[in-house]
Structure formats: structure tokens, C-alpha cells
Amino acid sequence: MSPGQVVWFEIGTSDPPAVTGFYGPLLGWSFEVDPDSSIDGRTYTRILAPGVPWPMGAIQQGDTGGEAINLSILSADVRADVDRLTALGATVVLPATPVGDVTVFARLTDPRGNLFSLFSRSTSQRFEERIAGTEEHTRQAAFTPAPGAMAGFEIGTTDAAATTGFYSAAFGWRFEKSEAIGGVPCLDVYGPGGTTAAGLAQPTT
């Protein structure tokens with residue numbers, strides 16, 4: 001895993017049991033509450049795909065009633081990246097925040113309003129075994145994602161030039177024209193290491 005890679009996702013919801021009750025049977029996901037990130041009576045629940053040693057995402061319980069999914073991108077220095085990305089047009093939703101010895105994270109929106117997060121790599125010794133297993137799984141998943149695991153993502157935008165310009169400057173992502181999906185023009189997204197992991201779709205309306 002290297003800075004600029006999408007390494008996590010979060011499902012924001014006011015009703016975590018509804019989310020686990022839907023995705024668990026559908027995709028075989030299992031769940032574990034994260035005590036480090038569960039605060040003020042709101043749970044933060046890790047999501048594990050079948051047979052995968054490390055969580056690939058989480059369900060974040062909010063109190064606003066808003067339902068949202070955001071991508072989380074690995075950062076070598078979250079605080080410095082927040083400053084750098086705001087200079088590129090991002091807006092800070094939640095500033096750089098430490099979570100015990102686990103990570104530092106921040107939540108932002110890109111210039112078109114898409115939500116994303118920055119996460120630092122954990123250096124906690126209590127996670128060493130899981131992190132080692134995840135490194136191997138990540139290498140394999142780049143070519144053969146396991147059923148039920150996160151295999152890619154899409155970013156929707158009404159201004160492809162603005163969105164590609166931001167993410168290219170922000171994380172070094174590369175974009176190439178792809179086949180249209182349902183008549184919607186699309187681009188393939190190449191992150192660090194050159195593997196394709198995503199798509200960018202530009203609706204016509």
C-alpha cells in the first residue's frame with residue numbers, strides 16, 4: 001500500500017443495524033465494532049469480506065440522518081495533505097484527527113462536492129500481524145479480488161476536466177478514456193503502481 005491508493009471506504013448511516021442486515025447476507029460481510037473509533041455513543045463498525053484478514057471499510061454511525069459513502073485514501077502525512085489539498089480546491093469537513101495509536105484521519109470534499117477521507121498508515125504493534133496479512137491480500141486483490149471484497153469504485157462528476165485535474169494533482173492518478181457505460185462517457189482511473197481500480201463517469205445531464 002502506498003500513499004495515493006484508495007485503501008478504505010466508509011458507509012455513513014443513522015441506522016447501522018439496517019446496513020449490516022442488508023450487506024451481511026447479500027455479500028457475506030462480517031462486522032466487528034471498533035472500540036477505538038466508537039465515541040459519544042456512536043458505533044464505528046469494521047467491515048470484513050469473506051476470508052480477508054483485515055477490514056476493508058467501516059460503518060460510521062452518525063446523528064444527522066444523512067446516508068453517504070466516502071472513499072479513504074492513504075496519506076503519508078494527513079495534516080500536510082489537508083493543507084495541500086485545500087490549496088487545490090478541496091474543502092475540509094473534518095480536520096486532521098488522531099484516533100489513539102491507530103491512525104490520523106481527515107474528511108474533505110473535492111471541488112465538485114465528492115466526499116473522501118485521508119488516512120495515515122497504522123504503526124501500532126498490536127496490528128502488525130493483521131497489517132502483514134493485508135499487504136499480501138492487497139497484492140492479490142489488485143489482480144483477482146475476492147468475492148465480496150471491494151474491487152473498484154466510481155466517481156461521478158458533471159465536470160470531468162475539473163475532477164481529473166484535481167485528483168491528478170492531489171494523488172498522481174492517471175485517467176484514460178474507456179468504453180461508455182449505459183451511454184455515459186467514462187474514464188479508467190490508474191492509481192499508484194499503475195493498476196486500474198476505478199472509473200470516472202460524466203453524466204450528460
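These legends describe close-up views of one predicted protein model.

Residues are numbered from 1 along each chain as its sequence is written, and side-chain values use heavy atoms, with hydrogens and water left out. Local features need pLDDT of at least 70 and side-chain atom pairs count only at pLDDT 80 or more, while totals for chains, interfaces and linings use all residues.

View 1. Helices (H or I, at least four residues) and strands (E, at least two) are DSSP runs, numbered from the N terminus. Of the 205 residues, 39% count as buried. Buried means under 20% relative accessible area, exposed means over 50%, and partly exposed lies in between (1.4 Å probe, protein chains only). A contact means heavy atoms within 4.5 Å. Among contacts with a separation of 6 or more, 53% come from residues 24 or more positions apart.

**View 2. Eight strands make an open, mixed sheet.** The order is β2-β3-β4-β1-β5-β8-β7-β6. β2 (30-33) and β6 stand at the edges with a single partner strand each, so one side of each has no neighbour in the sheet. From one strand to the next, the twist averages 25°. Axes here are lines fitted to C-alpha atoms (for helices, over the stretch in contact), and angles run from 0 to 180 degrees between N-to-C directions. Two strands pair if DSSP finds at least two bridges between them. Strands of a sheet pair through backbone hydrogen bonds, either parallel or antiparallel. β1 (residues 6-13) and β4 (residues 57-61) are a parallel pair with five bridges. Within this pair, Glu 10 stands opposite Ala 58 of β4.

**View 3. β8 is mostly covered.** Five of its six residues are buried. β5 runs parallel to β8, and five bridges join them. Here Ser 75 has Ser 120 of β8 as its bridge partner. β7 pairs with β8 in the antiparallel sense, over five bridges. In that pairing, Leu 108 stands opposite Phe 116 of β8. β7 and β8 form a hairpin with five residues between them. Gly 113, in the turn, has a positive phi of about 95°.

**View 4. Helix α2 has a buried side.** In α2 (residues 78-87), the buried residues are Val 78, Asp 81, Val 82 and Leu 85. Why do they lie on the same side of α2? They cover an arc of only 105° around the axis, which puts them on the same side. That arc is taken from the directions from the helix axis to the C-beta atoms. The face turned away carries the exposed residues Asp 83 and Ala 87. The buried residues pack against β5 (68-75), β6 (91-99), β7 (103-109), β8 (115-120) and α4 (160-171). Asp 77 caps the N-terminal end of α2, with a side-chain oxygen 3.4 Å from the backbone nitrogen of Arg 79. Just after the helix, Gly 89 has a positive phi of about 115°.

**View 5. The largest nonpolar core holds 20 residues.** A nonpolar core is a set of buried Ala, Val, Leu, Ile, Met, Phe, Trp, Tyr and Cys residues joined through side-chain atoms within 4.5 Å. Leu 85, Phe 116, Leu 118, Tyr 167, Phe 171 and Trp 173 have the most contacts inside this core. β5, α2, β7, β8, β9 (153-156) and α4 each supply at least two of its residues. α4 gives the most, with four. Apart from this core lies another, of ten residues, including Ile 11, Ile 47, Val 52 and Met 56. In soluble globular proteins, nonpolar side chains tend to be buried together.

**View 6. Ser 38 sits in the loop between β2 and β3.** Is Ser 38 exposed or partly exposed? Ser 38 is partly exposed, with a relative accessible area of 22%. Its side chain makes polar contacts, which are pairs of N or O atoms within 3.5 Å; within protein, one must be able to donate a hydrogen and the other to accept it, and residues adjacent in sequence count only if both atoms are side-chain atoms. The side chain of Ser 38 reaches the backbone oxygen of Asp 34 at 2.7 Å and the backbone nitrogen of Tyr 44 at 2.9 Å. Asp 40 lies in the loop between β2 and β3 (44-48). Asp 40 is exposed, with a relative accessible area of 66%. Asp 40 has a positive phi of about 55° although it is not a glycine.
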